[in-house]
Number of protein chains: 2
Amino acid sequence: MTPFSPITRADCEALDRQDPLGTLRTQFSIPPGLIYLDGNSLGVLPTAAAARVAQVVQQEWGQGLIRSWNSAGWMALSQRVGDKIARLVGAAPGELVVADSTSVNLFKVLSAALHLAGVTRHEPAPGADGEAAHSPRRDVIVSERSNFPTDLYIAQSLAQQHGARLELLEAEEIPARLSGARGQDVAVLTLTHVNYRTGHMHDMAALTAQAHAAGALTVWDLAHSAGALPVDLNTAGADFAVGCGYKYLNGGPGAPAFVWAHRRHVSSAWQPLAGWIGHAAPFEFTPDYRPAPGITRYLCGTPPVLSLAALECGVDTVLAAEPLGGMAALRTKSLALTRLFAELVQARCAGHGLRLVSPTDDAQRGSQVCLARDEGAYAIVQALIERGVIGDFRAPDVLRFGFTPLYIGHAEVWDAVEHLRQVLDGGAWREARFQQRQQVT
Amino acid sequence: MTPFSPITRADCEALDRQDPLGTLRTQFSIPPGLIYLDGNSLGVLPTAAAARVAQVVQQEWGQGLIRSWNSAGWMALSQRVGDKIARLVGAAPGELVVADSTSVNLFKVLSAALHLAGVTRHEPAPGADGEAAHSPRRDVIVSERSNFPTDLYIAQSLAQQHGARLELLEAEEIPARLSGARGQDVAVLTLTHVNYRTGHMHDMAALTAQAHAAGALTVWDLAHSAGALPVDLNTAGADFAVGCGYKYLNGGPGAPAFVWAHRRHVSSAWQPLAGWIGHAAPFEFTPDYRPAPGITRYLCGTPPVLSLAALECGVDTVLAAEPLGGMAALRTKSLALTRLFAELVQARCAGHGLRLVSPTDDAQRGSQVCLARDEGAYAIVQALIERGVIGDFRAPDVLRFGFTPLYIGHAEVWDAVEHLRQVLDGGAWREARFQQRQQVT
């Protein structure tokens with residue numbers, strides 16, 4: 001039936017039987033029969049989260065009430081979960097906290113980086129002789145044209161506010177922009193480590209070194225990296241990072257995000273969201289803001305405890321891989337899954353106008369595979385969803401499939417491609433009901 | 001036994017039997033025997049919230065997964081809950097959204113107000129001839145010295161960043177500061193409607209009119225007002241407002257906050273937290289930020305759905321009072337409770353060095369009563385908590401008691417004062433274990 005495929009479903013089943021990480025799937029409640037290739041958009045439910053959230057609601061909130069800030073450890077939760085995430089991204093304990101959304105955290109760290117670069121003013125207005133502060137030599141924020149929109153919007157907002165300039169490049173143009181004389185006006189390089197639309201992964205260490213050589217700082221968005229593949233912020237010498245709680249960390253819809261600053265900056269950089277929870281002594285209620293030492297100053301308001309408790313359960317599902325080889329083992333499996341998917345699509349869906357958008361080079365690929373098609377990408381995704389194969393569409397022409405190695409198996413990959421083949425062969429996606437756009441796609 | 005008290009416990013029981021709002025308490029799961037006078041810090045658990053959050057976790061997240069952004073209405077939740085809160089604060093549907101924390105929302109609306117006042121720059125840096133923008137005539141943010149710290153910290157941060165000046169006054173000094181020539185340099189008046197430490201309530205309509213007469217804008221923090229007493233933002237002609245979800249709205253620990261802008265400003269004011277959820281078309285993934293029309297532009301990142309769902313249950317408990325007279329009826333009861341508490345303390349705890357901090361004038365009092373004592377305020381609160389009477393301490397010397405009219409009864413007030421009397425008479429609070437400070441007090 002499938003003469004061009006070198007791999008059979010039986011082969012995939014055998015791979016699953018041999019998978020040393022196969023047991024990790026039992027941590028999750030996944031609807032039977034569903035092939036969920038959208039963990040890069042919203043991770044699945046950790047079974048423990050249901051009981052844990054119920055406990056927080058009924059015991060900690062319902063019975064403990066205000067006392068639970070102390071007795072149930074709510075006050076320490078942002079740091080406790082932060083310390084757990086730190087283990088996944090090469091950060092030390094106390095260097096990373098959970099707070100707010102990725103967008104809000106980007107605003108904080110990009111502000112901090114611009115401050116260190118001398119772009120941002122945060123002292124009382126200087127006199128006329130202080131106006132030099134408004135003409136910084138370094139006034140360019142460099143990013144990637146296809147970076148996730150919220151990253152671009154936040155950078156654009158800060159650039160406009162501080163008289164800086166946001167310059168958007170193709171990924172391959174970035175190294176040259178940082179080198180030699182050309183790099184001398186760059187204040188900050190801000191990138192999403194793994195591109196949301198293509199799955200292309202930047203070389204964090206190399207680009208950080210190039211940025212530093214140019215005298216610029218780096219801000220990394222780990223939305224599609226944390227929990228998906230090894231990240232080593234300290235070894236890379238990165239300056240600032242943020243990341244998302246609801247994708248590969250399985251923290252639940254809209255889970256709080258995280259924020260990290262390198263220890264060389266954490267107590268010197270200024271960030272403008274000076275909320276009371278980031279104060280050195282929030283319960284002294286003093287009128288003057290005195291930032292907490294260390295990363296705690298990146299907290300702002302009161303954290304959403306229910307969502308934060310669910311996030312901890314999600315992070316725990318990733319940490320459960322530590323005795324089995326941790327992120328390195330997850331990465332090996334992730335690459336095997338994405339490679340398998342790309343090869344099967346090539347072998348079994350040939351002639352249907354699909355183009356592989358994601359890199360074939362393992363070193364440049366995140367944990368997703370994106371395909372493009374001139375026509376019908378949205379409808380094909382909808383037709384797959386109706387069959388229980390959940391990926392997503394990214395405008396204008398991308399079919400995106402995420403492979404979370406914690407809970408996706410090889411046979412599922414085989415089945416997903418078989419569904420895709422059937423949708424394409426049968427032309428079912430041309431039916432009107434698949435064309436109708438929903439709000440979130 | 002209590003010759004100075006004009007009111008007996010039997011009188012209080014009778015008041016409870018006649019209370020037309022008495023049935024509203026059945027909406028909540030309150031630990032038996034607990035007298036919870038801290039709903040102004042964290043509201044109690046609405047019984048419906050446990051089932052609702054379980055549904056969101058198990059069905060919507062667990063089964064629906066990414067599809068729930070459409071099928072379970074997650075995408076519309078910030079606006080749906082916002083519309084419900086709008087009914088409690090005199091705002092129209094579509095004028096108010098739930099988002100982020102109070103601190104983050106303050107940053108947005110204060111930035112917007114400063115922009116409208118000409119203090120904030122948000123266009124690309126003008127040339128030398130544009131430097132006039134940096135020397136605004138109006139460059140003062142006026143607030144109250146005893147405003148909640150996060151409000152002051154956010155204002156301070158923005159003032160420093162934009163070369164404005166934060167001027168802190170006593171409440172009674174504010175009208176004069178706004179009048180005549182003195183008001184001409186005021187850009188924004190930002191106040192918490194009901195003071196967290198004293199329970200003093202500002203006259204929103206009068207101060208807004210005075211600010212407008214001076215050419216200034218107003219930003220109101222409704223943290224201790226929303227759900228506690230009637231607020232009418234549109235009638236007052238206020239400019240911007242924010243508020244808290246976890247106090248009188250019973251939204252759960254760290255529930256998301258809300259933000260409102262008057263319709264005359266909503267589409268003209270610029271706010272810097274330009275996240276993708278506030279974009280006019282988030283799922284078009286365009287590189288340029290185009291703010292959504294109306295209040296939706298005050299959304300930033302992905303909302304924490306679990307916490308947001310719990311908040312909706314909390315808001316519903318307040319809306320349940322609508323057929324019984326709504327906020328006006330709740331206010332009548334709230335004033336009766338706070339008056340009763342103050343009178344009973346005066347009658348039954350005389351001679352113990354307690355001073356009434358909150359206004360005796362109903363028109364100036366929120367839904368709380370604060371007492372001060374030169375010595376032992378913290379320990380007395382701890383001794384009360386051990387007896388199951390939960391209020392809180394606010395540094396340096398305040399015992400704070402909140403009275404949520406949805407679930408507090410008159411007999412509870414009587415019992416709380418009796419416990420206070422016993423703690424003071426017996427001197428139990430002097431025991432060492434009550435002196436030990438915990439992180440959250």
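Predicted model: local features only at pLDDT ≥ 70, side-chain atom pairs only at ≥ 80, totals over all residues.

A: Start with a rule for helices. After the helix comes Gly118(B), with a positive phi near 85 degrees.

Now the sheet in chain B. Seven strands form an open sheet in the order 4-10-9-8-7-5-6, with mixed pairing. Strand 4 (96-99) and strand 6 (165-169) of chain B stand at its edges. Each has a single partner strand, so one side of each is left without a neighbour in the sheet. On average, neighbouring strands of this sheet are turned by 20 degrees against each other, direction ignored. Inside the sheet, strand 7 (residues 186-192) and strand 8 (residues 217-221) of chain B run parallel, paired over five bridges. Leu191(B) stands opposite Trp220(B) of strand 8. Helix 8 (residues 204-213) of chain B packs on the sheet and touches strands 7 and 8 of chain B. Its direction makes about 155 degrees with that of strand 8 of chain B. Helix 4 (residues 74-88) of chain B lies across strand 4 and strand 10 of chain B, at about 125 degrees to strand 4.

Next, chain A meets chain B. Here 81 residues of chain A are in contact with 81 residues of chain B. Among the elements that give two or more residues to the chain A side are helix 5 (102-116), helix 10 (305-319) and strand 14 of chain A. By class, that side has 46 nonpolar, 27 polar and eight charged residues.

The largest nonpolar core has 300 residues. Leu110(A) and Leu110(B) are among those with the most contacts inside this core. Beyond its neighbours within four places in sequence, Leu110(A) is in contact with residues including Ile154(A), Leu158(A) and Val188(A). In soluble globular proteins, nonpolar side chains tend to be buried together.

Finish with a second sheet, in chain A. Four strands form an open, antiparallel sheet in the order 11-12-15-14. Strands 11 (355-356) and 14 of chain A stand at the edges, each with a single partner strand, so one side of each has no neighbour in the sheet. Strand 15 of chain A (residues 398-402) is largely enclosed by the rest of the structure, because five of its five residues are buried. Val398(A), Arg400(A) and Gly402(A) are buried on one side, and Leu399(A) and Phe401(A) are buried on the other. In a regular strand the side chains alternate between the two faces of the sheet.

Strand 12 (residues 368-372) of chain A joins strand 15 of chain A through five bridges, antiparallel. Cys370(A) stands opposite Arg400(A), and Leu371(A) has Leu399(A) as its bridge partner. Strand 14 (residues 392-394) of chain A pairs antiparallel with strand 15 of chain A over three bridges. There, Phe393(A) is bridged to Leu399(A). A hairpin of three residues joins strand 14 of chain A to strand 15 of chain A. Helix 11 (residues 326-348) of chain A lies across strands 11, 12 and 15 of chain A, at about 25 degrees to strand 12.

Notes: Residues numbered from 1 in each chain as written. Chains lettered and ligands numbered in written order. Buried ≥ 20, exposed ≤ 12 C-beta atoms within 10 Å, placed from the backbone. Pairing = 2+ DSSP bridges. Contact = placed C-beta atoms within 7 Å. Nonpolar A, V, L, I, M, F, W, Y, C, P; charged D, E, K, R; others polar. Core = buried A, V, L, I, M, F, W, Y, C linked by C-beta atoms within 7 Å. Axes fitted to C-alpha atoms, helices over the stretch in contact; angles between N-to-C directions.
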